[in-house]
Amino acid sequence: MPSLLIVDDNVQLIPVMARMLAPLGQVRFATSGEDALAQMRQHAPDLVLLDAEMPGMSGYDLCQVMRCDPALDLVPVIFVTGHDDLGAELRGLSCGAVDFISKPVSEPLLIARVRTQLRLKRLTDELRRSATTDALTGLDNRGSFDQRLDAEWARAVRTGSALTLVLMDVDHFKRFNDHYGHPAGDSCLREVAAAIRDQARRPADLAARIGGEEFAVLMPDTDEAGALQAAERIRAAVAARSIPHEASLTADHVTVSLGVVSCTPDRQGSRMTVESLMAAADRALYDAKAAGRNRCAA
Ligand code: GH3
Ligand code: MG
Ligand code: MG
Ligand code: MG
Ligand code: MG
């Protein structure tokens, strides 16, 4: 069921609109821009019906803030305002609103417009989901990983917090495919992905398949000690699935090797870049392979 947020400082209008919209979804309300933003950061709605003029943060301000917030930038906003002049409409649309309705609100018009926007929002969500998901494993895909890596790197630079990258690679996976066949290889990758997903527990952790049998986990606000523990948990979780691998030269079951790199990029000095972070994790992964596989290296 889609969720709709009505934002209006006129508390008489809220129940009127809420009654009109009740058949279309779950309706919440906020009586100020600030209240709306706080609610949306807890739970992003599928559509916002926004009053333009409010004391404090105006509807225009709120709409602009939403457009710059990656968690809210795809939430459609319809302005519902007392103005019916062209200037107000232009200003609303310029702030990134998708539509504009004047008060007094016509019920059939409101419903028709909201319905259209909810349908588009469903399609947008589905497009974004399929564009960022790896079809084989359901983890994030390479493109999504690259985007998040850039964003988390920028955040770590800004806030001076630690960022950890774990790269992992299935051991002797070519031999697995040769021995059991490609379809079995695919289900093996699905199981490895499930083990990773179980262990990348924090909401901010991002687990992705970034290549054929290569995975990555990005752990914001995590230093090397914490990251090594998490990496070791992932290694153990994959091994504990006991997926038979008779052809492996490492064990009689499927194992992974992991390279772990943590850094705290500082604002001034550090010459570390996203690329050098990836390269360092790759070197650590190579070390784990060279040291005998089925292990973590930092
Ligand atoms: P190492 O322990 O050194 O990592 O050896 P390896 O054989 O795993 O490494 P290598 O890079 O030589 O082989 C990776 C193999 O993974 C190649 C290919 O057969 C297999 N592979 C890559 N992507 C997929 C996929 O999507 N599905 C399946 N079934 N196999 C894949
Ligand atoms: Mg108002
Ligand atoms: Mg590989
Ligand atoms: Mg491999
Ligand atoms: Mg090999």
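The protein holds ten helices and ten strands, where helices (H or I, at least four residues) and strands (E, at least two) are DSSP runs numbered from the N terminus. Its radius of gyration is 24 Å, well over the 19 Å that the globule rule gives for 298 residues, so the protein is more spread out than a compact globule. Here the radius of gyration is taken over C-alpha atoms, and the globule rule is 2.2 Å times the number of residues to the power 0.38. This is a predicted model, in which local features need pLDDT of at least 70 and side-chain atom pairs count only at pLDDT 80 or more, while totals for chains, interfaces and linings use all residues. Residues are numbered from 1 along each chain as its sequence is written, and chains are lettered from A and ligands numbered from 1 in the order in which they are written.

The C-alpha trace spans about 75 × 45 × 25 Å along its principal axes. Of the 298 residues, 35% count as buried; a residue is buried if 20 or more other C-beta atoms lie within 10 Å of its own, exposed if 12 or fewer, and partly exposed in between, with C-beta atoms placed from the backbone. Contacts are pairs of residues whose C-beta atoms, placed from the backbone, lie within 7 Å. Among contacts between residues at least 6 apart in sequence, 64% join residues at least 24 apart.

One annotated position deserves a look. An unreviewed UniProt entry lists Asp51 for "modified residue: 4-aspartylphosphate"; UniProt positions are given in the numbering used here, feature names are shortened, and annotations may be inferred rather than shown by experiment. Asp51 lies in the loop between strand S3 (47-50) and helix H3 (59-67). This residue counts as buried because it has 25 C-beta neighbours inside 10 Å. Leaving aside neighbours within four places in sequence, Asp51 is in contact with Val7, Asp8, Asp9, Gly59, Val80 and Thr81.

Strands are taken to pair if DSSP finds at least two bridges between them. S6 runs antiparallel to strand S8 (residues 214-220), joined by seven bridges, and pairs with strand S9 (residues 256-263) in the antiparallel sense over eight bridges. Towards S9, Thr164 stands opposite Ser262 and Val166 has Val260 as its bridge partner.

In a regular strand the side chains alternate between the two faces of the sheet. In S6, Leu163, Leu165, Leu167 and Asp169 point one way and Thr164, Val166, Met168 and Val170 the other, and all are buried.

Within S6 (residues 163-170), Met168 is buried, with 27 other C-beta atoms within 10 Å. Met168 stands opposite Phe215 in S8. Not counting residues up to four places away in sequence, Met168 touches Phe215, Ile234, Val256, Ser257, Leu258 and Leu285.

Conventions: Contact = placed C-beta atoms within 7 Å.
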